[in-house]
Amino acid sequence: MNPLPLLLFAQIHFTAVPTAPPFILQNNPTADKHMVETMPGGIAIFDYNNDGKLDLFFTNGASLPDLKTKHPNRLYRNDGNMRFTDVTSDANLTGTGYSMGAAAGDFDNDGHIDLFVAGLYSNHLYRNNGKGKFEELTNTGILSNEWSVAAGWFDFDNDGKLDLLVTNYGRIDLNKPRFCGDQAKGLRVYCHPRYYDPRPNQLYRNLGLGKFEDVTISSGLSKHLGRGMSIAFADYDADGRLDAFVTNDNLPNFLFHNLGLGKFEELALLSGVALLDSGKPIASMGTDFRDYDNDGKPDIVVTALTGETYPLFHNEGAGNFSDQTNKSQLSRLTNKIAGWGVGLVDFDNDGHKDLFTANSHVNDIVEKFEAATYKQANTVFRNTSAGKFDVTQSGLEASVKAHRGAAFADLDADGKIDIVVTSLGEPVEIWRNTSPNTNNYISIHAPLGTTIKLGNQTNHMTTSVSYASSTHTPVHFGLGTTTQVDKIEILWPSGKRQTLTNIKSNQTLTVTEP
């Protein structure tokens, strides 16, 4: 069932890929209704073997309550033509425990993309040796003492090494599950988040040589308790330092403003992104932190539950955001759906970032006590270029599942961004972008933290996107009918600026710092 009214636009269309990997996200639901069962599904897209094709990594669950590895994580090599081979065992990425989120990034600067996997009291750092294998590093200084949902790589101190931020949810006792629901009617549901004591996120500074220093306390992050779900990075105030936005489940969101010298201040309430204008915290799930209206400043979008809408915070400059959920039409369009994965992506290459959301309610029996649906179709909201979005009939409507993670990449190298989505207990979906337009594009390989301006478009290189997911791909720009770009401006993490001129469209560039 799709609760959304659909308007027809010809510009964006997706087709299910029949050769998608045979991966099924195993959340291992139990009669005890452990909250963790509702929350896995992280994806990482990255080129693990440097063959120029983007590969797929999926996190997976474990048995409950003992957390024994029952269903391995999976790595699938992209063989081209939308065909994939399971290389998990050969790559040493089977993993252990109940995994939730994934973060891809080259933390040791050797040219090979590494992988961090976050989970329930089980975090793992895998170093890519460049020979098709990963080595799990131990004694790194990264802890496994929290219920970690997601993580992200960013260089917060601009020293050239990627640091790690891990988002934590709350305390959970799997051996003493609370009963929530109506015992008289035999209805047991997943408990409200208020029953899980909030926890601080954890920040790890990269010391080099596979070692990290826990700077959660010294950075100021330890003072802020939340139920962290997802994370996104951007330099929202253009001061040359990357900031972090963290979604919290039924608590105000966090915006960690990077002060430099290893310090952060939490400014979400003062900046206007902690809550909607209603003043009530919502079940914030996934997020993306990009410029949706081409004014040069990164904005924030968040997915949430049915009736809460999907908040859209517009960056007004000077460190302030405004709630544009109503004005953008997202309030009306998303009121009856619930979302997890999310991305601001230009699917039709018209130069305006569209919005994708992976949809499903959190409670599997919600239809018995609310006017809501559990399994839902995913949605594309087309950017109308006037600061507004509208629903487009995209071909996604036929797949009604308990969707969770989502990630975005040009998997078949045709210049159009495709979508990968996980669903609880069901096969993964790969949606090939078969939009009929002939618009042009440019994609640019650049280090994390690089900001790129092309005409009136601005985007930045980050691998943190969606819900508990990661996409290590070139920065993508739709060009419409433009065949040659007069100027591309690059702001490197070091602060250096570079200008490229007269660049032909429909190619992928690799840029190096001058």
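Okay, let's start with the cysteines: Cys 180 and Cys 191 form a disulfide, with their sulfur atoms 2.0 Å apart. Quick background: a disulfide is a covalent bond between the sulfur atoms of two cysteines. The rule used here is a pair of cysteine sulfur atoms within 2.5 Å, and by that rule the count is 1 disulfide.

Before I go on, this is a predicted model, where local features need pLDDT of at least 70, side-chain atom pairs count only at pLDDT 80 or more, and totals for chains, interfaces and linings use all residues. Residues are numbered from 1 along each chain as its sequence is written, and side-chain values use heavy atoms, with hydrogens and water left out.

Back to the disulfide. The torsion about the S-S bond of Cys 180 and Cys 191 is about 100°, so the disulfide is right-handed. Are these cysteines buried or exposed? Cys 180 is buried at 9% relative accessibility, and Cys 191 is buried at 4%. (Buried means under 20% relative accessible area, exposed over 50%, partly exposed in between, with a 1.4 Å probe and protein chains only.)

Next, Ser 435. You'll find Ser 435 in the loop between strand 34 (426–433) and strand 35 (440–445); strands are DSSP runs of E, at least two residues, numbered from the N terminus. Ser 435 is buried too, with a relative accessible area of 2%. What does its side chain reach? The backbone oxygen of Gln 11, at 3.3 Å. Leaving aside neighbours within four places in sequence, Ser 435 is in contact (heavy atoms within 4.5 Å) with Gln 11, Ile 12, His 13, Phe 347 and Lys 416.

Last stop, pockets. On a 1 Å grid over the protein atoms alone, where a 1.4 Å probe fits, a pocket is an open set of points with protein on both sides within 12 Å along at least five of seven lines, and lining residues have an atom within 4 Å of a point. The largest pocket holds about 1,000 Å³ of space. Of the 44 residues lining the largest pocket, the closest to its centre are His 445, Ala 446, Pro 447, Met 461 and His 472. Strand 35 gives the largest share of that lining, 3 residues.

The second largest pocket has a volume of about 760 Å³. Of its 36 lining residues, the closest to the centre are Asp 235, Ala 238, Thr 451, Leu 491 and Arg 497.

Notes:
Helix = DSSP H or I, 4+ residues; strand = E, 2+ residues; numbered from the N terminus. Polar contact = N/O pair within 3.5 Å; in protein donor to acceptor, adjacent residues only side chain to side chain. Points joined across faces, edges and corners; volume = space filled by probe spheres on them.
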